[in-house]
Amino acid sequence: MKTILAASVVLALTACSNNQSMIVDYGTDDTQEIQKIAPEEGYAALKQAAICCDSLKQLDYQLVTAPGKLDFTITASDPVFNFSSGRSFVKAFELPNAQGATNIDVSAPIVNSVFVPSILVLDEDHQPLQLFDDNTINYDPSSIVSVDRYYGNILLPSRYGDQQKAKYLLVFTTAEAMQQQTKLNPPDSKAAETGRVDVNMKIHMNKPIPHTAIGAARLAFDYVPAGQQNADALAAAAVVTTSSSAIEVVPSESSVDSISANSASSNSHIPNIEPEVAAMFEQLIQQAVSDGNYDKALKIVKDAEQAGLVNANEVFVKAVKAQ
């Protein structure tokens with residue numbers, strides 16, 4: 001009942017907003033162009049491309065310099081790495097120096113096709129720490145405030161249980177994902193009333209969406225930069241314990257590093273929630289509502305409930321009412 005109430009409050013608020021909140025946000029300017037490229041072209045480019053590196057250390061890592069949205073495309077000009085899940089074009093990022101945990105929204109818009117992302121987090125020695133795949137990042141139907149997309153929310157602790165620190169992040173896709181398609185849900189009735197182009201297209205496009213080897217994606221970073229004093233800092237110092245054998249790098253037959261994650265835990269669940277972590281989730285929910293990002297707030301509510309914060313939905317409802 002509480003979830004239904006929260007959803008109805010959000011719809012009531014967004015229905016009263018102006019048309020600016022209904023602008024279709026696909027990320028980068030060339031998103032639609034790249035997602036309209038025939039998937040076969042991306043597959044062929046991936047198959048023909050040479051493996052870039054013998055080690056993850058050899059990838060070029062782009063430094064994340066500030067909180068906020070980072071939009072990018074993965075194209076045939078990007079390096080190809082041989083993961084245990086198959087070869088893939090890859091984007092590599094160096095994580096910011098954060099005070100406490102780093103919260104990241106991962107999304108990939110759906111147009112005529114979609115790049116389905118997986119995220120691999122590495123430590124300071126470029127060794128795998130945590131994998132986020134289709135257990136975390138999955139199809140998110142369009143709403144009045146978002147387009148159809150693949151979406152996931154991940155939380156990187158300041159330190160893992162063995163005191164390892166997340167330092168790098170890889171965005172790639174898998175051979176299995178590229179072989180699949182996504183059947184879109186019927187358009188949201190509220191979104192249809194706005195006359196949005198993407199909704200009208202979906203009404204007339206009754207076919208599954210193919211997954212591709214290239215495409216557009218977004219990482220939205222939320223963290224406190226190191227050196228800044230902030231009330232969120234202590235709450236963000238969450239610790240996740242992972243098995244030392246969960247993810248490992250093993251040599252493949254092609255002598256290229258291959259990521260093995262068959263026994264990996266792909267979720268960012270926190271087994272026993274601590275008061276500091278609960279406070280962090282509450283603040284993230286309240287901040288998302290304050291920013292008007294209700295989709296993000298509801299996603300954080302879901303993550304918080306899975307982590308053990310039983311009153312997460314109440315926090316959301318109170319935040320909405322306070323607005």
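**A walk through the chain**

Cysteine 53 is buried, with a relative accessible area of 6%. Here "buried" means under 20% relative accessible area, "exposed" means over 50%, and "partly exposed" lies in between (1.4 Å probe, protein chains only). This is a predicted model: local features need pLDDT of at least 70, side-chain atom pairs count only at pLDDT 80 or more, and totals for chains, interfaces and linings use all residues. Residues are numbered from 1 along each chain as its sequence is written, and side-chain values use heavy atoms, leaving out hydrogens and water.

Stay with cysteine 53. A disulfide links cysteine 52 to cysteine 53, with S to S at 2.4 Å. The rule asks for a pair of cysteine sulfur atoms within 2.5 Å. By this rule the count is 1 disulfide. The torsion about its S-S bond is about -105°, so the disulfide is left-handed. Cysteine 52 is partly exposed, at a relative accessible area of 33%.

Now step back. The chain has 323 residues, and 50% of them are buried. It holds 10 helices and 18 strands. Helices (H or I, at least four residues) and strands (E, at least two) are DSSP runs, numbered from the N terminus. Take the contacts in the chain with a separation of 6 or more: residues 24 or more positions apart account for 79% of them. A contact means heavy atoms within 4.5 Å.

Next come the sheets. Strands of a sheet pair through backbone hydrogen bonds, either parallel or antiparallel. Two strands count as paired if DSSP finds at least two bridges between them. β1 runs parallel to β5 (residues 91-94), joined by 2 bridges. Glutamine 62 stands opposite phenylalanine 93 in β5.

Why is strand β6 described as largely enclosed by the rest of the structure? In β6 (residues 102-109), 8 of the 8 residues are buried, so the rest of the structure largely encloses this strand. Thr102, Ile104, Val106 and Ala108 point one way, while Asn103, Asp105, Ser107 and Pro109 point the other way; all are buried.

Which strands pair with β6? Strand β10 (residues 149-156) does, antiparallel, over 8 bridges. There, aspartate 105 faces asparagine 153 in β10. Strand β15 (residues 215-222) also pairs with β6 in the antiparallel sense, over 5 bridges. Here isoleucine 104 stands opposite phenylalanine 221 in β15.
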